[in-house]
Structures are given as structure tokens and as C-alpha cells.
Amino acid sequence: QYGHLLASAVAAPEERLSRLAILPGDEARRLLEYGSGPAFEAGESFSVLDAFARQAAQTPAAAAVLFGDESFTYAELDARATRLAHHLRSRGVEAGTTVAVCVERGPQVLVALLAVWKAGGVYLPLDPTYPAERLAFLLRDSGAALVLAESALAGALPEFGGEVVEIDGLALTPRPPLPIPGEGEHDGAGEGSALSHSRTLALSHSSSPTDLAYLIYTSGSTGTPKAVMVEHGQLAHTLLGSLDVLGFAPGDVVAALASVAFDISLLELVAPLLAGASVRVMPRGLARDPEALVETSADVTVLHAVPALMRQVVEAARGGRSLPSLRLLLVGGDS
């Protein structure tokens with residue numbers, strides 16, 4: 001390509017640089033052909049939340065989240081997220097409010113993520129292993145109004161002008177019977193750590209495609225970290241479109257291994273839930289222990305990792321271990 005650009009400059013030295021060709025004709029044609037297929041159609045809904053709600057209604061008893069020996073069904077995950085979303089509303093979260101989430105890897109990650117969206121908020125992941133200086137910058141720069149944190153991590157958070165809500169101090173487990181809609185509703189004031197039964201009722205908020213879904217910060221390797229602002233429509237395009245390519249389906253178990261600080265984690269955490277599959281959330285540290293990762297992945301059918309880790313996984317599997325359920329490997333990040 002560089003040689004083609006130089007040849008173009010020599011052939012037309014008076015031409016503006018921006019008008020010189022960098023791609024040979026056949027390569028340019030191939031690239032243009034990639035963009036000439038049919039446009040992806042999201043269907044009747046252009047919301048990841050709506051797609052999840054439909055799946056939860058279709059398969060309420062199916063396993064949605066797996067973590068060690070724990071398991072949440074779609075109905076349980078949806079109910080917990082809805083109750084937490086009502087609690088966030090009672091704390092002032094509304095459309096466009098940035099809510100930071102700082103929890104250890106486990107089912108609470110998905111409960112918190114879905115709850116923020118259900119309440120209309122904007123999700124900001126905080127990796128608890130990050131230095132305090134970076135966490136302080138993210139909270140300050142994002143204008144986050146509230147942090148959802150586990151109690152073990154809340155004390156380690158940097159000084160923060162907003163409210164910190166300890167997620168493990170809230171009663172999120174639904175307790176039947178549910179109240180009749182409209183009876184006994186209140187704003188949550190004075191509830192303490194208990195959420196009322198009515199908090200399992202659906203929320204009325206519906207995000208538009210242009211509403212922000214989350215903020216994700218760059219590494220800052222070339223200067224100050226910057227927030228990339230991702231809209232609900234963009235997220236739906238990515239996740240719903242990926243289902244056609246990856247073929248997630250009921251019976252699949254997708255390993256969630258990526259750090260929440262990278263938005264590829266949403267492909268692992270959320271996309272499977274739009275297709276009736278299960279998400280196996282991997283504990284922290286498994287990305288540095290491929291042998292333990294292989295041993296933990298006996299039921300995993302889809303595994304995604306960068307090549308450096310995938311090479312180690314292959315070696316660990318060759319060493320007398322196996323991945324008996326695996327049907328799909330996703331490798332990305334570098335050559």
C-alpha cells in the first residue's frame with residue numbers, strides 16, 4: 001500500500017495528498033464489496049433490554065448466569081435487576097444518569113448492568129484492580145452520580161462526592177406473592193436495606209436508540225484517558241448483529257472472561273442472554289491461569305480470548321485435560 005501511494009505521487013506530483021490512491025484497484029473493489037450486502041435489521045425492537053425481556057419471558061426457567069456452583073435463571077436475573085433498578089430510581093437515577101459499577105466478577109456484574117439500563121442510566125464499569133488515581137479520574141471525569149459497589153470494595157474507593165450504594169446490602173431476591181399493581185407502591189424512602197415486593201414489577205422506562213448505554217475509557221497510553229460514549233442503538237447493532245455470525249443458541253454456555261474495563265466484555269456477558277444461552281462468569285485471575293481456566297470450562301461451548309492466552313489454553317488442554325463441550329473459539333486482539 002505504501003509503495004502504491006508513492007507510485008501514485010510520482011505519477012501525479014501536482015495532486016493533493018488526500019486524492020492519491022493508497023489501495024490497488026482490486027483491493028479497493030474487495031473492500032467496497034464488503035459494504036454492499038443487505039443492511040442488518042434489528043427486528044421489531046432496537047433495544048438490547050427489550051430483546052433480553054423477550055428471552056426471559058420465553059425461557060424463564062433456563063439458566064442465564066453460572067458462577068461456580070451458583071446458577072440464576074432468566075426469571076431470577078430479570079427480577080433481581082428490576083428490583084435493583086427501582087432502588088436506583090428511588091436514589092435519583094433517571095435517563096442519562098451515569099452510574100458506576102464496582103463489583104467483583106460474579107452474577108452481581110450482570111444484575112448491576114441490567115439494573116442501570118432498566119433505570120435509564122448510563123453504565124460505567126470500574127475495575128477494582130485499577131489504581132486509586134485512575135478510579136478517581138473516571139468518577140470525576142464521567143460525572144457519575146452514584147456508585148454501585150460491593151461492601152468489600154466500597155471502602156477502597158477513592159473519595160467520591162456522590163452516593164455509594166452497597167449492592168450486597170440490598171434484598172434483591174424476589175419473595176412471592178407479588179402485590180397487585182398499583183397497591184402498596186411507594187418511593188422506597190425508609191426501606192433500609194429491604195426492597196418491597198412491588199419492586200419486582202416492570203419499569204416503564206424505554207431507551208431510545210440515541211440514549212447513552214455506557215461509557216468506556218481508553219487506556220490513556222497516549223495521554224489522558226478519554227470516555228467513548230456508546231448509544232443503545234449502537235450496542236444493539238453490535239450484539240444483535242453478532243448473533244447471526246456466532247450462532248449463540250439455547251444450550252450454549254459462553255465463558256465471560258474479559259475485564260469489564262473493556263467493552264468486549266459485553267459481547268460475552270450480554271449477547272448470550274439475547275439468544276437463550278447461558279453465561280459462565282469466570283472468577284478473577286483465571287486469565288492468568290490457563291490450567292485452572294480449562295478445568296473450570298467443562299461445560300463451556302464458546303470461549304473467547306486473545307491469542308497469547310489462547311495458545312496457553314491449547315497447551316493446557318493438550319496436557320491431559322480437555323474442553324469436552326467446546327464448539328467455538330473466538331480469537332482476537334492481535335495477530
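Start with strand 11, residues 302-305: Val302 and His304 point one way, Leu303 and Ala305 point the other, and all are buried. Buried here is under 20% relative accessible area, with exposed over 50% and partly exposed in between, using a 1.4 Å probe and protein chains only. In a regular strand, side chains alternate between the two faces of the sheet.

A word on the source. This is a predicted model, where local features need pLDDT of at least 70, side-chain atom pairs count only at pLDDT 80 or more, and totals for chains, interfaces and linings use all residues. Residues are numbered from 1 along each chain as its sequence is written, and side-chain values use heavy atoms, leaving out hydrogens and water.

Strand 11 runs parallel to strand 12, joined by 4 bridges; pairing takes at least two DSSP bridges. Leu303 sits opposite Leu329 of strand 12. Strands (E, at least two residues) and helices (H or I, at least four) are DSSP runs numbered from the N terminus.

Strand 12 (328-331) is also among the elements covering the buried residues of helix 8, as are helix 3 (48-58) and helix 5. Those buried residues include His232, Leu239 and Leu246. Just after helix 8, Gly247 has a positive phi of about 70°.

Last, the largest nonpolar core has 61 residues, and Leu77, Trp117 and Val270 are among those touching the most other members. Helix 5 (residues 107-118) gives the most to this core, 9 residues. A nonpolar core is a set of buried Ala, Val, Leu, Ile, Met, Phe, Trp, Tyr and Cys residues joined through side-chain atoms within 4.5 Å.

Conventions
Contact means heavy atoms within 4.5 Å.
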